[in-house]
Protein chains: 2
Amino acid sequence: MVASPPSLSVAIPDSSLIDSKTLLEKSLRVAQFARAFSIFRVKQVYLYHDISYNAKHDDVKLITTLLEYLNTPQYLRRVLYPKMKQLQYAGMLPPIKSPHHKKFLKTAHVRAGETRMGVLLRHKGSWVVDVGLDQAIPFLGSNQDSRKSNFRLSMSEGKLVAEEIKDANLGPGYWGYNIIQLYSLSELAKRSTTVKFVITSRNGRSISLIRKSLIESLSNTAELVIVFGSPRKGVLETVSKNDVMKFSSPLIINMFPLQGTDTVRLEEAIMGSLAIINSICVSLGDKIAHEFRNFN
Amino acid sequence: MVASPPSLSVAIPDSSLIDSKTLLEKSLRVAQFARAFSIFRVKQVYLYHDISYNAKHDDVKLITTLLEYLNTPQYLRRVLYPKMKQLQYAGMLPPIKSPHHKKFLKTAHVRAGETRMGVLLRHKGSWVVDVGLDQAIPFLGSNQDSRKSNFRLSMSEGKLVAEEIKDANLGPGYWGYNIIQLYSLSELAKRSTTVKFVITSRNGRSISLIRKSLIESLSNTAELVIVFGSPRKGVLETVSKNDVMKFSSPLIINMFPLQGTDTVRLEEAIMGSLAIINSICVSLGDKIAHEFRNFN
């Protein structure tokens with residue numbers, strides 16, 4: 001048994017919008033991705049290059065922009081996102097409401113020690129952060145560029161100040177996903193030996209038969225990457241053979257045995273596969289199991 | 001071990017569109033229901049009355065009409081569906097492409113013995129069926145009303161004829177869902193002792209902990225009904241307590257343990273829950289397991 005379940009990542013191709021026609025259809029699909037990633041606490045979203053197709057630059061830009069936008073707390077959106085064509089339908093997309101999407105607050109109501117997502121800004125010669133309060137908060141740290149980050153609020157000489165904190169120090173609880181564009185998935189395989197890959201494929205072994213092998217393979221896995229193919233082709237065609245070889249013994253799994261439709265759409269595959277993987281992963285790890293013993 | 005896995009049904013409330021604003025949003029949601037039902041070979045869709053809310057008649061009509069429409073093969077749609085307000089966005093909804101959605105064929109290309117969905121029509125004084133061929137086919141049977149049904153084609157005196165077949169005689173393979181409107185779910189519980197209920201609820205036991213009990217409870221279950229609450233309230237509020245009592249020891253399951261968002265939307269809950277249940281159910285039953293041994 002492992003000490004804690006692996007963190008969950010997904011890899012989707014840059015051709016993910018290949019069969020969506022209008023900006024509205026594309027936006028709705030990306031929103032479904034964002035919702036599924038957030039429900040299942042996905043930490044890294046790898047956007048890899050589909051070798052079978054030259055994805056349109058506009059589509060790739062739409063995927064990254066809209067995923068970033070939906071992952072951003074409401075209070076930061078006006079500062080970070082000017083009027084953009086890509087966000088034309090953002091208003092009708094379902095919100096994420098993850099724990100880092102906190103409410104806009106009065107400074108008097110914020111607790112010291114609280115972490116909030118914010119943006120570092122230059123204001124009248126000093127650096128301040130906008131963390132969704134009615135005032136900008138003085139930034140405690142060395143000179144920086146303007147950017148989005150996470151900040152811990154604390155009291156210093158009776159006043160609220162903000163320090164930047166690294167992702168590793170965010171503590172428990174889900175805090176959204178990062179989007180990482182990769183030319184090839186083998187870059188990931190090279191990075192770490194504790195990364196394990198699950199390739200979703202209709203030609204894979206049925207999830208109902210491979211469940212035990214999956215659980216066994218998760219010991220000593222820090223990061224589990226679920227790899228999806230494009231709306232038109234399976235992973236074994238969108239990723240180079242060379243790439244697949246570099247994954248350390250990937251499991252190739254059919255998540256939808258006996259499917260009753262000709263195809264399973266990418267957004268459906270993501271939602272369904274993550275639901276199954278989550279139901280398996282949370283049973284691993286004492287800490288989590290304990291959390292549930294208390295809950296039930 | 002049971003001889004074969006139970007058939008899968010779902011129960012959704014008549015308030016399922018309560019939080020969708022426009023006809024477009026409502027249509028997109030119903031289409032997601034239809035896709036999920038079809039992917040996981042759902043046979044019965046029970047639309048039950050949410051006791052906490054008086055659903056709008058228009059919404060209930062939209063759910064049933066659009067679900068029926070999407071379940072109908074392309075070739076029958078023009079005959080069965082006149083121009084209707086409810087179908088304004090039907091053209092942009094993803095098709096189902098289940099096995100009963102066959103292609104329009106020339107009569108010369110059809111195989112005798114084939115089953116096709118069709119409609120019984122009166123034509124020049126006799127009964128014929130439109131089963132998506134370039135000719136209407138003579139109907140073999142007693143006088144009937146015009147209606148949609150399933151027909152088996154055979155040769156009689158060198159000509160193709162059509163006989164109506166009952167659902168029970170459809171044979172293996174998925175053949176779409178039926179929609180059944182119910183005032184109360186207890187009507188179901190009364191009908192049969194081989195119906196088992198799974199209630200999806202955030203306050204239920206984690207699927208990761210209850211998996212074994214679920215598998216055990218499926219022996220001697222002919223029909224497994226997965227019950228969903230409304231977009232605003234859980235099943236334990238949308239169904240009367242009296243109803244829940246009548247279910248024979250229902251399992252109350254949290255399908256999304258440790259969810260990273262404030263809520264899981266109904267269409268997401270359906271897709272995710274059915275994916276999990278399917279991954280468990282297909283492992284039951286020798287026949288199916290054998291099918292998969294051959295496949296892998």
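Buried means under 20% relative accessible area, exposed means over 50%, and partly exposed lies in between. The structure discussed here is a predicted model.

Q: Is Arg41(A) buried, partly exposed or exposed?
A: Arg41(A) sits in the loop between helix H1 (23-39) and strand S2 (42-48) of chain A. Its relative accessible area is 23%. Since buried means under 20% and exposed over 50%, Arg41(A) is partly exposed.

Q: What is the phi of Arg41(A) near?
A: Most residues other than glycine have a negative phi. Arg41(A) is a residue other than glycine with a positive value, near 55°.

Q: Where in chain B does Leu258(B) lie?
A: Leu258(B) has a positive phi near 60° and is not a glycine. With a relative accessible area of 21%, Leu258(B) counts as partly exposed. Its place is the loop between strand S11 (251-254) and helix H8 (266-281) of chain B.

Q: How many residues of H2(B) are buried?
A: Helix H2 of chain B covers residues 57-71, which is 15 residues, and reaches 21 Å from its first C-alpha to its last, close to the 21 Å expected. Its buried residues include Leu62(B), Ile63(B), Leu66(B) and Tyr69(B). H2(B) is mostly covered, and the number of its 15 residues that are buried is 11.

Q: Which elements of chain B are included in what covers the buried residues of H2(B)?
A: Among the buried residues of H2(B) are Asp59(B), Val60(B) and Asn71(B). The cover over the buried residues includes helices and strands of chain B, namely helix H1 (23-39), strand S2 (42-48), helix H3 (74-80), strand S3 (115-123) and strand S8 (178-182).

Q: Which residues does Gln86(B) touch, not counting residues up to four places away in sequence?
A: Gln86(B) belongs to the loop between H3 and S3 of chain B. At 18% relative accessibility, Gln86(B) counts as buried, because buried means under 20%. With residues up to four places away in sequence left out, its contacts are Lys61(B), Leu62(B), Thr65(B) and Leu66(B).

Q: What axis relates chain B to chain A?
A: Chain B can be laid on chain A by a turn of 180° and a shift of 0.0 Å along the axis, with an RMSD of 0.0 Å. This is the relation of a two-fold axis.

Q: How many disulfides are there over all chains?
A: A disulfide requires a pair of cysteine sulfur atoms within 2.5 Å. Cys281(A) is buried at 6% relative accessibility, and Cys281(B) is buried at 6%. Over all chains, the count of disulfides is zero.

How values were computed
Residues numbered from 1 in each chain as written. Chains lettered and ligands numbered in written order. Predicted model: local features only at pLDDT ≥ 70, side-chain atom pairs only at ≥ 80, totals over all residues. Heavy atoms only, no water. Buried < 20%, exposed > 50% of the residue type's maximum accessible area, 1.4 Å probe, protein only. Helix = DSSP H or I, 4+ residues; strand = E, 2+ residues; numbered from the N terminus. Expected span 1.5 Å × (residues − 1). Contact = heavy atoms within 4.5 Å. Least-squares fit on C-alpha atoms with pLDDT ≥ 70 in both.
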